[in-house]
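Hello,

Here is the structure we talked about handing over.

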Amino acid sequence: MRGSAIAAALALVATTAIGITTSHAATTLTMIAADYPGDGSTQQNQWNDFATRFHAANPDITVNVIVKSWNDIDQYVATQIASGQYPDVVNKGDYSAPAAAGLLYPASQVVSPSTLADILPTFLNNSKYNGTVYALPDLASARALFYNKDLLAKAGITKLPTTWSSLTTDLGVIHRKLKGIYGYAIPLGPEEAEAEFNIWAGGNGGSYYDYTAKKWVLNSAANVATATYLKGLVTKGYTEPNPDKCDRTACAQALFAAGKAVFINGSVFLGSWLKANGGAKLNVGTGSFVAPSGKKAVTLGVQDYFTMYNKNGNKEAIKKWMDFIYQPDNYAKFLTAAGGFIPATKSAGAKAASDPALAPFIKLLPKAVFYPGDIASWNSVKGYIQQGIGQALKGDPASVLGSLQKQADSAK
């Protein structure tokens, strides 16, 4: 999810606690929630509505929800925990580090059996640490290759590229014929560099973690070759000039919305984001990512989670709150406010499969690769990737990835 995760414009979103405060509430829960893009508005109103209605039904429980942008939430949660101010529930894109530290309730203890049974098994399997489900998947997204149909036609390109070689050729044509237009917007800035690079590397047989060898492999030959290929695109002027400083939303998606980029990695919510950010009139198509000849392109599956912390001992109150969130009507409101993701429940998934906006992404999920979220040090390694992997397109790819490898090897 994640990720699945938001725009610099949304970094100014209000981050104050929301909910209802009552002097005689027996229990107060603190939840820290990432702000999904939705239609460009904060989810504050959605969580405020949830907290108000939940408190009305459970007068002895108050829920305060603190909404943070995706740029800030990891550091905010880490700071809160370091200062001993443990949340009760967190909604963001990882879970294994707090699970390894013994900070989480097993999911089976903080949600009813009927709610747990409604969650798709595929998503639950991606929520395990040492074989135990410690997180409740809230939603998922897959990625697709978005492209501007009108710009492709203007360049005289009549079919989508299928390999790195044919992509390079098409980008060269775009560069020559469409002045001031970038062929491919490649966001390797801090917001979500780990997603962009994972798609390219995955199609080249690369990954971040080798489960057989049980080690991080950021500087694998496949990953170095991937960075080298991308650097070549940048050097030729086929991409925006500084991918290492280009965030997904404020840079890459903004370029695409303005008609300044032909190709972009897009998630399920990109369509609604474009409508709210100047790209409503774009003639947009979607397709598969590309890979080197003889290899298979992948998509990225991003899954986000609710994690339930045990330090405050509020297990029963948390259970009521989580069951409330997953009630079908409430969960549907959460998905709508989030902006059109793939739902994590069977009941909502059956409806989503008939949604023309979601169906193509659901179809891509069998080809998805996921982050190594069950490795406890993933959140630290993700941070290193976000901050550093874009430098591989400016400097020596092998050296940059080698430095990241050393950081990963020492990550906790």
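Predicted model: local features only at pLDDT ≥ 70, side-chain atom pairs only at ≥ 80, totals over all residues.

Residues are numbered from 1 along each chain as its sequence is written, and side-chain values use heavy atoms, with hydrogens and water left out.

Confidence. pLDDT is the predictor's confidence in each residue, from 0 to 100. Its mean over the protein chain is 90, and 93% of the residues reach 70 or more. Over residues 1-24 pLDDT stays under 50. The model has 82 contacts (heavy atoms within 4.5 Å) for that stretch, counted beyond four places in sequence.

Strands. Helices (H or I, at least four residues) and strands (E, at least two) are DSSP runs numbered from the N terminus. Strands β2 (residues 27-34) and β3 run parallel and are joined by 8 bridges; two strands pair if DSSP finds at least two bridges between them. I32 has I66 as its bridge partner in β3.

Cores. A nonpolar core is a set of buried Ala, Val, Leu, Ile, Met, Phe, Trp, Tyr and Cys residues joined through side-chain atoms within 4.5 Å. The largest has 75 residues, of which W47, L136, F306, M308, W321, M322 and F334 touch the most other members. Strand β7 (residues 135-148) gives the most to this core, 7 residues. Apart from it lies another core of 52 residues, including W216 and I375.

Loop residue. N314 sits in the loop between β13 (299-308) and α12 (315-325). With a relative accessible area of 17%, N314 is buried. Its side chain makes a polar contact with the side chain of D88 at 3.0 Å (a pair of N or O atoms within 3.5 Å; within protein, one must be able to donate a hydrogen and the other to accept it, and residues adjacent in sequence count only if both atoms are side-chain atoms).

Disulfide. The structure holds 1 disulfide (a pair of cysteine sulfur atoms within 2.5 Å). C246 and C251 form it, with their sulfur atoms 2.0 Å apart. The torsion about their S-S bond is about -100°, so the disulfide is left-handed.

Regards

How values were computed: Buried < 20%, exposed > 50% of the residue type's maximum accessible area, 1.4 Å probe, protein only.
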